[in-house]
Structure formats: C-alpha cells, structure tokens
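I opened my notebook to look up a few things in one structure. Here is what I went through, entry by entry.

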Amino acid sequence: MPQVSVVIPNYNGSQLLSKHLPAVIKALRQNDEIIIVDDSSQDNSVQWLKEVFIPSTKVPIKLLVNDHNLRFGATVNRGVA
C-alpha cells in the first residue's frame with residue numbers, strides 16, 4: 001500500500017506535465033505513487049504519458065482517463081477514489 005498518493009488532475013496540460021512531473025517524482029519517497037486523472041484532454045497528454053513518460057520512470061503511476069470532461073471537482077474525486 002502506498003504511503004502517499006499524489007492525485008494530479010489534467011486537462012490539456014501536456015506542457016505543464018512535462019515541465020513539472022520530474023520535480024514531483026523527485027519529491028516522492030519509496031512506496032509513494034502518482035495518480036493522474038485526465039479529464040478528456042484534446043492535446044497529446046494521454047499519448048505522451050503512455051508512450052514517453054510512464055515507461056521511463058520507476059515511480060508507480062496510475063493513469064485514469066475520463067470519457068468526457070467531468071470538470072475539476074469530479075476529476076479529483078475520481079482520483080481520490
């Protein structure tokens with residue numbers, strides 16, 4: 001079981017993810033995890049995460065993708081659940 005779960009909601013934030021995720025990972029400890037919930041982005045966020053970022057990191061990352069835009073609150077709640 002993870003000690004800390006970092007929930008990151010994302011909507012068209014591929015540039016922000018690529019810029020800031022390395023710092024988030026650097027701040028994590030062993031047994032922590034990242035949960036990214038994509039809120040039906042129209043940019044390449046999901047593709048970039050699946051093909052480039054997730055395979056290149058050793059930190060457990062769970063990626064959830066909403067079928068349609070649920071907005072911030074519901075997206076964060078989905079990640080927490």
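This is a predicted model: local features need pLDDT of at least 70, side-chain atom pairs count only at pLDDT 80 or more; totals for chains, interfaces and linings use all residues.

**Entry: contacts of Ile25.** I began with a term: two residues are in contact when they have heavy atoms within 4.5 Å of each other. Which residues does Ile25 touch, leaving aside its neighbours within four places in sequence? I found Ile34, Phe53, Thr57 and Val59 in contact with Ile25.

**Entry: the core.** Next I looked up the largest nonpolar core, and Ile25 is one of its 12 residues.

**Entry: the order of elements.** I counted the elements and noted three helices and three strands. Read from the N terminus on, they run β-α-β-α-β-α. Then I checked the radius of gyration, which is 12 Å for this chain. The globule rule gives 12 Å for 81 residues, so the chain is as compact as a globular protein of that length.

Entry: I looked up burial, and 36% of the 81 residues count as buried. The chain exposes about 5400 Å², and carbon and sulfur atoms supply 54% of that area. Contacts came next: among those with a separation of 6 or more, 78% join residues 24 or more positions apart. For charges, I noted 8 positive and 7 negative side chains. The centres of these two sets lie 8 Å apart.

**Entry: two phi angles.** I reminded myself that most residues other than glycine have a negative phi. Asn12 is not a glycine, yet its phi is positive, about 55°. I placed Asn12 in the loop between strand S1 (5–10) and H1. Ser40 also has a positive phi, near 60°. I found Ser40 in the loop between S2 and H2.

**Entry: buried or partly exposed?** Asn12 has 33% relative accessibility, so it counts as partly exposed. Ser40 has a relative accessible area of 17%, so it is buried.

Terms used. Residues are numbered from 1 along each chain as its sequence is written. Side-chain values use heavy atoms; hydrogens and water are left out. A nonpolar core is a set of buried Ala, Val, Leu, Ile, Met, Phe, Trp, Tyr and Cys residues joined through side-chain atoms within 4.5 Å. Buried means under 20% relative accessible area, exposed over 50%, partly exposed in between (1.4 Å probe, protein chains only). Helices (H or I, at least four residues) and strands (E, at least two) are DSSP runs, numbered from the N terminus. The radius of gyration is taken over C-alpha atoms; the globule rule is 2.2 Å times the number of residues to the power 0.38. Accessible areas come from the Shrake-Rupley method with a 1.4 Å probe; for residues, only the protein chains shown count as cover. Lys and Arg count as positive and Asp and Glu as negative; His and the chain ends are not counted. The place of a charge is taken as NZ of Lys, CZ of Arg, CG of Asp or CD of Glu.
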